[in-house]
Amino acid sequence: MLVWLTDWQLAEDHLLITVGDTIDWTLYPADRNWVSRLFGDRLVIDWQFDTYGDAVDQPSRRVSGRVVELWSVRCPKIRTDEGFVPVTGEATLQPAVDTSGSWMRQAGQEESAAVRGTETITYKFSYTSAFDSVEADYLYDYVLSLACSDEECGTREATKL
């Protein structure tokens, strides 16, 4: 099962997800228009982890399993009337070991703590301008592959508390 992870939500919560982690999440419908804008018809993802998903009445499913693969979503940007936007259909997936890239843009100046289980992991980081290099592929989001049984992969509906 492929699951979409939104970069800004990972950064906001300093959510560290690593290949090999076991997760137990409620998933919500993925933004298919956004995935299509980035990948065209080369990638279809039905579900996403959304830290604000319960704020809207929408379908959901509870899943648990092990993260077997993780990819960062990278795409070049262009200037349009909308501002700087991803080049439609040009996104690529690059293997990643964890999601720390969401808040660690370069080694640097600020310090931050990410919580993972009972550990606190400290990172140093600084943000650079998204427009520093016109040639670069920019981090947009992440995709993970989840290994789980049919029961664990969400044949059961999640219940709201």
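Student: Is R32 buried or exposed, and what is its relative accessible area?

Tutor: Happy to walk through this with you; keep in mind that the model is predicted. R32 has a relative accessible area of 51%, and exposed means over 50%, so R32 counts as exposed.

Now look at what R32 does with its side chain. R32 and D46 meet in a salt bridge, with 2.4 Å from N to O.

R37 forms a salt bridge with E82, and the closest N and O atoms are 3.4 Å apart. R37 lies in helix 2 and E82 in the loop between strand 4 and strand 5, so this bridge ties together parts that are 45 residues apart in sequence. At a relative accessible area of 25%, R37 is partly exposed, whereas E82 is exposed at 62%.

The structure holds 3 salt bridges, and the one we have yet to visit pairs D24 with R62, whose closest N and O atoms are 3.2 Å apart. Here strand 2 (residues 22-29) supplies D24 and strand 4 (residues 61-80) supplies R62, so parts 38 residues apart in sequence are tied together. D24 is partly exposed, with a relative accessible area of 44%, and R62 also counts as partly exposed, at 26%.

From strand 2, step back to the loop between helix 1 and strand 2, where you will find D21. With a relative accessible area of 13%, D21 is buried. A polar atom of the D21 side chain lies 2.8 Å from the backbone nitrogen of T18.

A pair of aromatic rings is described by the distance of the centres and the angle of the planes. The structure holds 4 aromatic pairs. In one of them, the rings of W8 and Y52 have centres 5.8 Å apart and planes at 20 degrees, so the pair is stacked. W8 lies in helix 1 and Y52 in the loop between strand 3 and strand 4, so the pair ties together parts 44 residues apart in sequence. W8 is partly exposed at 48%, as is Y52 at 42%. Rings can also meet a charge: the charged end of K77 sits over the ring of Y138, 4.8 Å from its centre.

Finally, look at the nonpolar side chains. The largest nonpolar core has 17 residues, and V3, L5, I17, W25, L27, Y142 and L144 touch the most other members. Strand 9 gives the largest share of this core, 4 residues. Leaving aside its neighbours within four places in sequence, V3 is in contact with residues including W25, L27, Y142 and L144. Apart from this core lies another of 14 residues, among them W4, V73, Y138 and Y140. Notice that Y138, a member of that core, is the residue whose ring lies under the charge of K77.

Definitions and conventions. Residues are numbered from 1 along each chain as its sequence is written. This is a predicted model: local features need pLDDT of at least 70, side-chain atom pairs count only at pLDDT 80 or more; totals for chains, interfaces and linings use all residues. Side-chain values use heavy atoms; hydrogens and water are left out. A salt bridge is a side-chain nitrogen of Lys or Arg within 4 Å of a carboxyl oxygen of Asp or Glu. Helices (H or I, at least four residues) and strands (E, at least two) are DSSP runs, numbered from the N terminus. Buried means under 20% relative accessible area, exposed over 50%, partly exposed in between (1.4 Å probe, protein chains only). A polar contact is a pair of N or O atoms within 3.5 Å; within protein, one must be able to donate a hydrogen and the other to accept it, and residues adjacent in sequence count only if both atoms are side-chain atoms. Rings of Phe, Tyr and Trp (its six-membered ring) pair if their centres lie within 6.5 Å; planes under 30 degrees apart count as stacked, over 60 as edge-to-face and the rest as tilted. A charge sits over a ring if NZ of Lys or CZ of Arg is within 6 Å of the ring centre and within 35 degrees of the ring normal. A nonpolar core is a set of buried Ala, Val, Leu, Ile, Met, Phe, Trp, Tyr and Cys residues joined through side-chain atoms within 4.5 Å. Contact means heavy atoms within 4.5 Å.
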